[in-house]
Amino acid sequence: MALRGVWQLKKLIVSYCDWGGGSRGIRAFIESELPTFKEKNPQLEVVTELIRGQHPHLKGFYKNKNERVVCVKNMTPEDILLYATRLRNALGRKVVKLKTRHVTKHPSVQVMMATLLKHSLFGGSNSSL
Amino acid sequence: MAHRRCLHSALLHATALIYLKKSPPLTIVKALTPKPNPMITTSNLEPSWFTPWFYVRHFSSRKSDDSENEAEMEDSSDGEEESDEMASDMVRDYSPEEKEAEAAAIGYKVVGPLQRSDRVFKDYEPFFAVVQIGSHQFKVSNGDSIFTERLKFCEVNDKLILNKVLLLGSPTQTIIGRPILPDAAVHAVVEEHALDAKVIIFKKKRRKNYRRTKGHRQELTKLRITDIQGIEKPEIKTDGKPLKAAVKKPEKIAATA
């Protein structure tokens, strides 16, 4: 994800267990696909961490100090790559339902004209374009 | 399967007959064993026993039946392969021309990744455009963000050109397209590909013991609009804001090709 050209995901921690069966996919992911992922995203700091006896997960740290944790227990390496890419593609913002699909600071371009016309002799036109 | 059953019954008959008879049929058998069709794998001996029955019962048609069956088997397996291919078509690799064609159908074009040296994010300019992406239309201005359905062929930090522009506006001018303006372009940058919040689809029929719960997360793309082209932009002077007097907006209708 990039806000105005700046990548928002700073750090990705790939945690896995070397004994558990649920970590099989992530172990394969670390061997096969993590190097290419690292090369494609040089701005991202990727760390592998060993946590014994716990389920594997991906932790993403964003610039707005937000953390997103995704459990990747029993997943194939392709699925894990998909989730890692999703974390990289996303903003760190809280996942809430969108109010509007169009976010703008200047809702009207011609409002000055409208307000001026309202006061003028020609009468007000209600255009809010 | 019926032909196998009748074969089996015929086999029983023939074996009974042959055991009743004496050795001569064995020589016939030996002469005939090389005959059977290699395609018939189930019972190699049977055709040799059954050559009289063969012609009476049109076992040549059995051969063709077998071939038909095998052809059917092959067809069904091909069908399965096709269905598998159909499923994998959804994730297939598009050729660049196909990508461009599909993208153009939706209404945008990928230009390329954003370079660090590009100064794309400008200050607000008082110009707007009505742009269409897919089936949704947005009134955009410089610096706005738009949430659209997931755009397939672009990565984060890619520059896009949205070419389906229906209306351009400025404080003094409005250009209306019929239905689109051919020379207008809106530049945008892909900010993120993310999933929307989860929506729970709950179905219930009362007193009928029917209840279903399904979760759905829509995939969205956030675009940041950077530039609008196709309309005359006055040069911004630091002295005073131009064209603020009460001037009626002249309307220009641009005829499309």
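Visitor: How many helices and strands are in chain B?
Guide: Chain B has 6 helices and 12 strands. Keep in mind that this is a predicted model.

Visitor: And how much of chain B is buried?
Guide: Of its 257 residues, 35% are buried. The accessible surface of chain B is about 16900 Å², with 55% of that on carbon and sulfur atoms.

Visitor: Which residues have the most contacts inside the largest nonpolar core?
Guide: Those are B:V140, B:V165, B:L168, B:V186 and B:L223, in a core of 23 residues. Elements of chain B that give two or more residues to this core include β3 (136–141), β6 (165–169), β8 (185–195) and β11 (219–229).

Visitor: What is B:V186 in contact with?
Guide: Leaving aside neighbours within four places in sequence, B:V186 is in contact with residues including B:V140, B:L160, B:V165 and B:I228.

Visitor: What about a second core?
Guide: A separate core of 21 residues includes A:F29, A:F37, A:V72 and A:A84.

Visitor: Switching topic, how many residues of each chain are in contact with the other chain?
Guide: 32 residues of chain A are in contact with 42 residues of chain B. The two chains bury about 3300 Å² between them, 56% of it on carbon and sulfur atoms.

Visitor: How many salt bridges are there between chain A and chain B?
Guide: There are 4 salt bridges between these chains. In one of them, A:R88 meets B:E155 through their side chains at 3.8 Å, N to O.

Visitor: Which elements of chain A supply at least two residues of the side that touches chain B?
Guide: They are β1 (2–3), α3 (77–89), β7 (102–103) and α4 (111–119).

How values were computed:
Residues are numbered from 1 along each chain as its sequence is written. Chains are lettered from A and ligands numbered from 1 in the order in which they are written. This is a predicted model: local features need pLDDT of at least 70, side-chain atom pairs count only at pLDDT 80 or more; totals for chains, interfaces and linings use all residues. Side-chain values use heavy atoms; hydrogens and water are left out. A nonpolar core is a set of buried Ala, Val, Leu, Ile, Met, Phe, Trp, Tyr and Cys residues joined through side-chain atoms within 4.5 Å. Buried means under 20% relative accessible area, exposed over 50%, partly exposed in between (1.4 Å probe, protein chains only). Helices (H or I, at least four residues) and strands (E, at least two) are DSSP runs, numbered from the N terminus. Contact means heavy atoms within 4.5 Å. Accessible areas come from the Shrake-Rupley method with a 1.4 Å probe; for residues, only the protein chains shown count as cover. Buried area is the accessible area (1.4 Å probe) that two parts lose on being put together, summed over both.
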